[in-house]
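Morning, everyone. Let me put today's structure on the screen, and then I'll walk you through the fold and some charged pairs.

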Amino acid sequence: MITVNDLKNAELKGWLQGWIDLCKPAQVEFCDGSEQHYNTLCDLMVKTGTFIKMKYPQNSYLARSDKSDVARVEERTFICAKDEANAGVTNHWKAPAEMKAEFNQIFDGCMAGRTMYIIPFSMGNPESPLAKYGIEITDSAYVVVNMMIMTRVSQTILDRVDAGREYIHAVHSNGAPLGADQADVPWPCAPVEKKYITQFPDTREIISYGSGYGGNALLGKKCFALRIASVLAKEEGWMAEHMLILKVTNPEGKYKFVTGAFPSACGKTNLAMLTPTLPGWKVETVGDDIAWMRFNEKDGMLHAINPEAGFFGVAPGTSMKSNPNAMKTINVGNTIFTNVALTEDYGYWWEDGDVKDPGTVVDWLRRPWNKAWNPAGPAAHKNSRFTTPAKQCPVIAPEWESPEGVPISAILFGGRRKTVVPLVNESRSWEHGVFMGATMSSEMTAATLGGAGQLRFDPMAMLPFIGYNVTDYLAHWLEIGKHPGAKLPKIYYVNWFRRGEDGHFLWPGYGDNSRVLKWIFERCDGTAAAKETEIGFLPTEDAIDMSGLDVSDEDKKILLSVDKEGWKATLPQFEEWLNKLNKYADQGHPLPAEIFAQLETLKKNLA
Ligand code: O2Y
Ligand code: MN
């Protein structure tokens, strides 16, 4: 086993030693990414009660978190940029020096009685020129094994960093030191008000304290691949986006790659693994959550890589109906379940899955649970998760680890809109597409803040993930559109969630979304028809393949037409949103004039 003293790189050595001196762990362990280390840590966690070994799927485990530590905590997530204007209105901000001073106290002795693990990892195929490396320090074995599924962990990464390769510095602690005579708990963590998920864009650091859950602790994902990477992308002329990547192949065997940004609860993972209902069409998965895109100077196209190596998917609602390929991926085994219910025969269960009534199970709070006793449930937490290797996905695209990335023909934006927004709308230009992304929104329900009819905006589905001022982010998107010699992807706004007046869904969704993908594919080839409207290019009535589909002519008409009055009524909310983003305009962060110009064009078109 190597030690810090074996390293040659003075910066790396100094950084690690500094955190060891501060956190005072009982021991330090380097992770080499080996199966043997993975198994040793899983066995250890079974002994300590963090993991339960499942009987099905094979080589799989269940973890149950503390009940206070179940999701990303946006209110405790901070961008520690030089000044507040650099963080912008979509982020919480703390001054870097103040935050560091606080961390010097908080982290002092925080790993007492625990093992500090050092995880060298790559986001993306380590041999890809688009990949970036990181080192995460953590005191959580749960984080180590999840990182081993979600990223590429290896001794080679450590060797390359030790030899001088750039890396992102990431530190995580559960924030639960263990006293000499203190009994441990299965899921150590700190109370919500002591949790900190911090990104330091200027020094490319991530420091996370107090939570062991998902995006708060697996620092390669949201903290690195989106918040820090978005800053690097702006500086280096590429894009780090919250997007799935899929490959769509037509019956003639011709294929294209598409990325898509959707807010949560819009079926993003399902779309990434979709089984088309259209005969002869095929969809394969490159990634389900994050895309890093860079211009390829040979073909002028944006090429995307999936920086991750696994899926960290929401369990409830995942079934053979909603996402058979995710279920098959999970069922290969080697899956870590977090906060799902455990069946009597040591299998998994969650709400809206394939088994309606599981009998008596143990719920995520470790209590016996039965549908008859507690019909409302839930037995699995609504944000319960599966962590599973992408390579096990039966429809993983052969190119998913391609070092040069895959060329992107189209970008999809989508929200969840019951009203107004048609099934699919092609932007008139890159700039119009950026406006569509900037005003991406979902309708709130009567139960959500703001009330029915109010829109919740989520620009490019990046609201909690842009590591700098949102106005500069939108300016960067516009800048990408000016890249010399670029063959830009076409941009589409899709809405699978339109409803009729009686509340029924107008569009079946799921595998039938392949019909929209087909139209987009053919638009990219210049072979599908569209009509220019006030809001963009919509399919002509017969341009979308509706064969064998049980959608009435009336519903088709609503899906493919412009609700002018509805759009007009939306305009004040768009305007209010854009003005809100512009808060730091006179501190050097104005919303690009082009975005306001697009709003004016839309107003004029609808007048
Ligand atoms: O609650 C969490 O920590 C998970 S967040 C997450 C996980 C996988 C994919 N996307 C997300 C997200 O919040 O966008
Ligand atoms: Mn996500």
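This protein has 16 helices and 31 strands. Those are DSSP runs, H or I of at least four residues for helices and E of at least two for strands, numbered from the N terminus. The radius of gyration is 24 Å, close to the 25 Å that the globule rule gives for 607 residues, so the protein is as compact as a globular protein of that length. That radius is taken over C-alpha atoms, and the rule is 2.2 Å times the number of residues to the power 0.38.

A word on the source: this is a predicted model, where local features need pLDDT of at least 70, side-chain atom pairs count only at pLDDT 80 or more, and totals for chains, interfaces and linings use all residues. Residues are numbered from 1 along each chain as its sequence is written, chains are lettered from A and ligands numbered from 1 in the order written, and side-chain values use heavy atoms, without hydrogens and water.

Now, burial. Buried residues make up 61% of the 607. Buried means under 20% relative accessible area, exposed over 50%, partly exposed in between, with a 1.4 Å probe and protein chains only.

Next, salt bridges. The whole structure holds 33. Each is a side-chain nitrogen of Lys or Arg within 4 Å of a carboxyl oxygen of Asp or Glu.

Take lysine 195 and aspartate 69, paired at 3.4 Å, N to O. They sit 126 residues apart, lysine 195 in the loop between β9 and β10, aspartate 69 in the loop between β3 and β4. Lysine 195 is buried, at 0% relative accessibility. Aspartate 69 is buried too, at 1%.
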